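Have the sequence and the 3D view at hand while reading.

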Amino acid sequence: MTQITAASAKIKRFFTLFRQAVAGSEQDYTQGSIRVAVILLAIPMILEMVMESVFAVVDIFFVGKPGNGAVATVAYTESVLSLVYSIAMGFSMAATALVARRVGEKNYKEAAHSGMQIILFAFVISVITSIVGITFAGSILRFMGGDEKMIAENIRYTQIMYGGNLVIMLLFLINGIFRGAGDASIAMRALLISNTCNIILCPLLIYGLGPIPGLGLKGAAIATTVGRGIGVLYQLYRLFIRRGLLTFYIEQIKPQKDLLLQIISLGSTGAVQFLVSSGSWIFLTRLMSNFHDAAVAGYQIAIRLLIFFLLPAWGLGNAAATLTGQNLGAGQPERAEKSVWITAGYVTVYMVAVSLFFFLFGTPVVNFMNSDPQARHYAVQTLQIVSLSYIFFGIEMVMLNAFNGAGDNRTPTLVYFVGYWLFQIPLAWVLTKYYIQSPNGIFIAIVISQFITALLSYFLFKRGKWKLVKV
């Protein structure tokens, strides 16, 4: 009876914390229970990442209906668009690290100023990226393996996605500011608003309804861009009108040389980190294109599903980054380290559960997402093999995000370069060309490289040099 009562009390306590985390409130994460801090930060960050992954799953679900050519176009476009995501995520990590460190020091004015300078820099980069992406959209699709017929039919999708990269950049960066400040629930709501709009607009603009004409694949790009844009408007509302822990003013956007140089140093290293990571996935997609559209479509469906379940682990990693940055700012490196180990324990349990899910239910999930038998076959193969590496993905994410939260972006970059470029890409190429000669060679290479990356991440984190980084 006593055990039942204790279990009931724990469940009640968890749901109380869940409601508190979703509602959002100002918290000092440099003191009190570390497990409570992890839960309060991780829940909204996990939900935020789930919302981000819903974008991918919703798009591939509706786009999958017209056929494999449309899915392949999305795959090629987003593989290269991941370069934009890499820049956004790199500077988002810089935003989290700078803001978290200043918040840990209780220097809220400088935290807000850092955030505003990052927004300024993002705007400039986005304009340049849009011009390049729109101009060379056809060449990009051709380079990735698209034929002339597919390019002629679907190039507008690619141009709209590249042209609207400003909202992608701002959505990532401003959420990085909120996470650094410990306002993770606001970042979660921004993605919730974006997703709701995307889910409504996607089928409406792809297929049409009443007087609204169906725009096909182009409609998916418009829906995604508009949905994210509305999410950005909510973020700006929370920054400038309904203010929280940090106070933002438009005057803070005036360029400050020293701060911008620090942001560029941190953000560019972070961007290189994600470019090294995402660049390897571009190469793998290019390898897949050597087979046929059904293989590319199946691979893309599986990767979207994998990402859907992987991003919650990234949310836990973001919680580790915030706790690391704030506790280092407060002069408590041991508390920062303990936060990371606790978070790593949670993510390990989660990833084991996800791997089991894909082994048991991968086939019916894929069947729901696509109707082409060949695409389904490759999607199930991808899920079942790649899911073997999920626990390694999880450990890697938490450890490397802790480095990022400390302001050490160079170590994760080195780890990704070794794991992906020295192991994953050469191994995938050799296996598919000389030995297995099928997409399975790519999937096996992913599993092996993730094991190496996780092992290296663990070893470098244990050394503890990240505790000495100054930001």
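Ser438 sits in the loop that links α15 (410–435) and α16 (440–463). The model is predicted. Setting aside its neighbours within four places in sequence, Ser438 touches Phe291 and Thr432. From Ser438 to Ala37, which is 401 residues away along the chain, the distance between C-alpha atoms is 46 Å.

**Helix packing: how to read it**

- A pair of packed helices is described by two values, the angle between the axes and the distance between the axes.

**α10 with α11**

- Helix α10 covers residues 257–288 and helix α11 covers residues 293–329.
- Their axes come within 10 Å and cross at roughly 155 degrees.
- Because angles over 145 degrees count as roughly antiparallel, α10 is roughly antiparallel to α11.
- The crossing of α10 and α11 is right-handed.
- On the α10 side the contact is made by Phe274, Trp281, Leu284, Thr285 and Met288, and on the α11 side by Ala295, Val296, Tyr299, Ile303 and Trp314.
- Nine residues of the contact of α10 with α11 are nonpolar, one is polar and none is charged.

**α11 with α13**

- α11 also packs against helix α13 (residues 373–386), with the axes 7 Å apart and an angle of about 45 degrees.
- That angle makes α11 oblique to α13.
- The crossing of α11 and α13 is right-handed.
- From α11, the contact takes in Ala294, Ala295, Ala297, Gly298, Tyr299, Ile301, Ala302, Ile303, Leu305 and Leu306.
- From α13, the contact takes in Gln374, Ala375, Tyr378, Ala379, Thr382, Leu383 and Val386.
- By class, the contact of α11 with α13 has 14 nonpolar residues, three polar residues and no charged residues.

**α4 with α10**

- Helix α4 (residues 108–135) and α10 have axes that come within 10 Å and cross at roughly 70 degrees.
- Because angles of 65 to 115 degrees count as roughly perpendicular, α4 is roughly perpendicular to α10.
- The crossing of α4 and α10 is right-handed.
- Glu110, His113, Ser114, Gln117, Ile118 and Phe121 of α4 meet Leu259, Leu260, Ile263 and Ile264 of α10.
- The contact of α4 with α10 divides into six nonpolar residues, three polar residues and one charged residue.

**Cavities**

- Rolling a probe the size of a water molecule over the atoms shows where empty space is left.
- The model has four cavities of 30 Å³ or more.
- The second largest cavity has a volume of about 130 Å³.
- There are 15 residues lining the second largest cavity, and Glu48, Met49, Ser92, Phe172 and Arg179 lie nearest its centre.
- Four helices, α2 (34–63), α3 (68–104), α7 (165–181) and α11, each supply at least two residues of this lining.
- α7 gives the largest share of the lining of the second largest cavity, with five residues.
- By class, the lining of the second largest cavity has nine nonpolar, three polar and three charged residues.

Terms used. Residues are numbered from 1 along each chain as its sequence is written. This is a predicted model: local features need pLDDT of at least 70, side-chain atom pairs count only at pLDDT 80 or more; totals for chains, interfaces and linings use all residues. Side-chain values use heavy atoms; hydrogens and water are left out. Axes are lines fitted to C-alpha atoms, for helices over the stretch in contact, and angles run from 0 to 180 degrees between N-to-C directions. Angles under 35 degrees count as roughly parallel, over 145 as roughly antiparallel, 65 to 115 as roughly perpendicular and the rest as oblique. A crossing is left-handed if the near helix is turned anticlockwise from the far one by less than a right angle, and right-handed if clockwise. Contact means heavy atoms within 4.5 Å. Ala, Val, Leu, Ile, Met, Phe, Trp, Tyr, Cys and Pro count as nonpolar, Asp, Glu, Lys and Arg as charged, and the others, Gly among them, as polar. On a 1 Å grid over the protein atoms alone, a cavity is a set of points where a 1.4 Å probe fits but cannot get out, and a pocket is an open set with protein on both sides within 12 Å along at least five of seven lines; lining residues have an atom within 4 Å of a point. Grid points are joined across faces, edges and corners, and a volume is the space filled by probe spheres set on the points.
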